[in-house]
Amino acid sequence: MEAFEYTALPARVVFGVGTLPRVADKMNAMGCKRALVLSDPHHASVGATRLMQALGEKAVHLSADAVMHTPADVTERVMKKLVACNADCLVSLGGGSTIGLGKALALRTDLPQIVLPTTYAGSEATPILGETDGGRKSTIRSMKVLPEVIVYDVELTYGLPQSLSLVSGINAIAHGVEALYAREANPVISNLAEQGIAARSDARCPGLFRTLPIAMPDPTPCSEPGPADRASALSGCRFITSYATFLAGPLVFRTRRTHTVILPHAAAYNASAAPAALDRVARALGASKAAGALFDLAATNGAPTSLRQIGMSESDLDKAADAALQSAYWNPRPIELDPIRALLEEAFHGRRPS
Ligand code: NAD
C-alpha cells in the first residue's frame, strides 16, 4: 500500500465543442453582471469578439493587452481599465499569456475568473502566476489566482498554427511527465498524468493527433473533445514544476520551445532516480524508454530538438549550468554541475538521449 497526501483544487470545468456562449450562464451562477474580457491582439478580432457578442451587456470592456510573461506594467495599465469599467469578474480568452494577465488582476482584486484556454499550456488549472518586472521573473502561488471556472471550447484550438500546436502539446505532455516524478506525486495525479500523456494515442479523434501529427489518422476537424484539451486539463491541474521547467527557466530562452528540447534530456537525467515514473511515461507513449520516445515525438514532427536550433549559443552553456545549480526547485536526481553540463551539451547538439 502506498501512503499519500492529495489536495484537490476547486474548479468548475465545462468541456465541449461550441461551449463559448455558456460563459453567460456561468456568470449568472456566480452572481456576476459586469465582465472585463481579456485577450491578446490576435484573439481580439477572433474569439474575443464572438465572446463579447455572446455576453452582450454583460461584457463591459474588452482589453486585448495580454503579452508573454505577464509584465507588471501591462497589468497596471489594465488595472486602470478594470477600475474604470467597474467590472465584477474577469473573463480571459487566450493562451497562457492572457490567462496570466487575468490571474495578475485577480491577485490584486480577488475578482472571480472564468477562463477559455486556446492553447495546451495548462495555466488555467493552477494557482500559480509568473510575473515579470524590469526583466526579472517571479512566481507566486496563491489560491486568489486560481480561476473559478474553466470553459474548454475545443473550437478555439482549431486556429492554432501547426508549429505552436506542436510545442504547446509537448508542453502539456511535459506537465504530465513532471507530475509523475514530482516530490508530491500521488496515485490520483499519477493516473491522470499518465492518461493525459497517453491521450495522444487515442484512436480516432484528433486531440493531440491534431497537435502532434505523428499519428494523425484523419486530418479533418473532429467534433468530439480533443484529448489534447483533456491532457491540458488533466496534467495542467497539477502542474508540479520540476526539472524540465526548472532547467529551462535559467536558460534565458524561457519558451515552450525550450521545454520541448529539454524534456527528453530531463527524462534521461532522471531515469535512474525515478524509474517507475519514467516507465509510466514510456508506457503512455507506447515505447520502451521514455527519453527516446519523447525525443522522437519532437523530431518526427519537426519540433525543435536542439538548443542551437532555438538560438542558444554554445558559450552560454556554462552560464546555464551554473544557473541550473542555483535553482531552488526539487528534482528526483540531485542537480550536479558535471552531469548537468553534459546534459546541456547533449541538448545543445540535439543528440537523442540514450
Ligand atoms: P501565449 O498565450 O503566449 O500565445 C502565443 C501566441 O499564440 C500568441 O500570439 C497568441 O495570440 C497565439 N495563439 C494562442 N492561441 C491561439 C489559437 N487557438 N489560434 C491561433 N493563435 C493562438 O502562449 P501559451 O504557451 O499558451 O502561454 C505562455 C505563457 O503562459 C507564458 O508566459 C508561460 O509562463 C505561461 N504559463 C503559465 C503557467 C502557470 O501555471 N502559471 C503554465 C503554463 C504556461
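Which residue in β8 does isoleucine 114 stand opposite? Isoleucine 114 stands opposite valine 149 in β8. This is a predicted model, in which local features need pLDDT of at least 70 and side-chain atom pairs count only at pLDDT 80 or more, while totals for chains, interfaces and linings use all residues. Residues are numbered from 1 along each chain as its sequence is written, and side-chain values use heavy atoms, with hydrogens and water left out.

**The sheet**

- An open sheet is formed by 6 strands in the order β1-β8-β5-β4-β2-β3, with parallel pairing; strands are DSSP runs of E with at least two residues, helices are runs of H or I with at least four, and both are numbered from the N terminus.
- The edge strands, each of which pairs on one side only, are β1 (12-16) and β3 (59-63), and the twist from one strand to the next averages 15°.
- Strand β5 (residues 113-117) pairs with strand β8 (residues 149-153) in the parallel sense over 2 bridges, where pairing requires that DSSP finds at least two bridges between the strands.

**Helices on the sheet**

- Helix α1 (residues 23-30) packs on the sheet and touches β1, β2 (35-38), β4 (89-94), β5 and β8, its direction making about 160° with that of β5; contact means heavy atoms within 4.5 Å.
- Helix α5 (residues 96-109) lies across β2, β4 and β5 and runs at about 165° to β4; angles run from 0 to 180 degrees between N-to-C directions, and axes are lines fitted to C-alpha atoms, for helices over the stretch in contact.

**The pair α14 and α15**

- Helix α14 (residues 317-326) packs with helix α15 (residues 337-349) at an angle of about 130°, their axes being 9 Å apart.
- The two helices α14 and α15 are therefore oblique to each other, since angles under 35 degrees count as roughly parallel, over 145 as roughly antiparallel, 65 to 115 as roughly perpendicular and the rest as oblique.
- Residues of α14 that meet α15 include Leu317, Asp318 and Leu325, and among their counterparts in α15 are Leu337, Arg341 and Phe348.

**Proline 147**

- Proline 147 is found in the loop between β7 (136-141) and β8, and at 0% relative accessibility proline 147 counts as buried (under 20% relative accessible area, with a 1.4 Å probe and protein chains only).
- The C-alpha atoms of proline 147 and lysine 103 are separated by 7.5 Å, although the two residues are 44 residues apart along the chain.
- Not counting residues up to four places away in sequence, proline 147 touches Pro10, Ala11, Lys103, Gln113, Val115, Glu124 and Thr126.

Terms used:
Buried means under 20% relative accessible area, exposed over 50%, partly exposed in between (1.4 Å probe, protein chains only).
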